[in-house]
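Please have the sequence and the 3D view open side by side. The text below walks through the helices and some of the loops that join them.

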Amino acid sequence: MTVEQLRINIEELEDLVSSGKDYIQVENKAKELLNELIVEHHPEIHYRILHVLSISLNRRGMAKKALPYAQHSLALTKLIDNKESQAQVLVNIGNIYLHISEYVTAIDYFHQALALSREYDYKKIIAASTGNIGIAYLELCDYPLALE
């Protein structure tokens, strides 16, 4: 499979995971793409596949299984020096920790995403980070911080 074909397939996967229609299909196709990929030559493609896979697993309630994929995708975003992708992955990792009730850790990841997003003015990620911080504080019954 060519790099361009991989990119097209990843875009289809990203659309499918965003639609929320068939996470099992997303996961199966992501694993197939990982098998096709020569990872050391394409860290940007590798990160995108792992990111989609981790989102899908988390949304299906398999947060602990999603976490290693998300952490690996974070390392790859640092390697390729893509700040927006790094912020998105930080939010994803925060969401995973939110789902396994590790709220303090989730808040830490959301704050990291928020700081990076503010630095580069990624408004959508600022909104997601801020909202998720509020949800985590709500789960901790810290209502003043949740409202803030």
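Predicted model: local features only at pLDDT ≥ 70, side-chain atom pairs only at ≥ 80, totals over all residues.

Residues are numbered from 1 along each chain as its sequence is written, and side-chain values use heavy atoms, with hydrogens and water left out.

Helices here are DSSP runs (H or I, at least four residues), numbered from the N terminus. Begin with α1 (residues 3-19) and α3 (residues 43-59), whose axes come within 10 Å and cross at roughly 20°. Axes are lines fitted to C-alpha atoms over the stretch in contact, and the angles run from 0 to 180 degrees between N-to-C directions. The two helices α1 and α3 are therefore roughly parallel; angles under 35 degrees count as roughly parallel, over 145 as roughly antiparallel, 65 to 115 as roughly perpendicular and the rest as oblique. Their crossing is left-handed, a term used if the near helix is turned anticlockwise from the far one by less than a right angle. On the α1 side the contact (heavy atoms within 4.5 Å) includes Val3, Leu6, Ile10 and Val17, and on the α3 side it includes Ile45, Ile49, Val52 and Ile55. By class, this contact of α1 with α3 has 9 nonpolar, 2 polar and 6 charged residues. Ala, Val, Leu, Ile, Met, Phe, Trp, Tyr, Cys and Pro count as nonpolar, Asp, Glu, Lys and Arg as charged, and the others, Gly among them, as polar.

An α-helix has 3.6 residues a turn, so residues three or four places apart point the same way.

Next come α5 (residues 83-99) and α6 (residues 103-120), with axes that come within 8 Å and cross at roughly 160°. This pair, α5 and α6, is therefore roughly antiparallel, and the crossing is left-handed. Among the residues in contact are Leu90, Val91 and Tyr97 of α5, and Tyr109, Phe110 and Leu116 of α6. The contact of α5 with α6 has 13 nonpolar, 6 polar and 1 charged residues.

Helix α5 also packs with α7: their axes come within 10 Å and cross at roughly 20°. The helices α5 and α7 are therefore roughly parallel, again with a left-handed crossing. Glu84, Ala87, Gln88, Val91, Asn95 and Leu98 of α5 make this contact with Ile125, Ala128, Ser129, Asn132, Ile135 and Ala136 of α7.

Where is asparagine 132, and is it buried or exposed? Asparagine 132 lies in helix α7, and at 12% relative accessibility it counts as buried. Buried means under 20% relative accessible area, exposed over 50%, and partly exposed in between (1.4 Å probe, protein chains only). Leaving aside neighbours within four places in sequence, asparagine 132 is in contact with Val91, Asn95 and Phe110. Other buried residues of α7 include Ile125, Ile133 and Tyr137. The cover over the buried residues of α7 includes α5, α6 and α8 (143-147).

Finally, consider backbone angles in the loops. Aspartate 81, in the loop between α4 (63-80) and α5, has a positive phi of about 55° although it is not a glycine. This aspartate 81 is exposed, with a relative accessible area of 51%. Aspartate 121 is found in the loop between α6 and α7 and has a positive phi of about 60°. At 45% relative accessibility, aspartate 121 counts as partly exposed.
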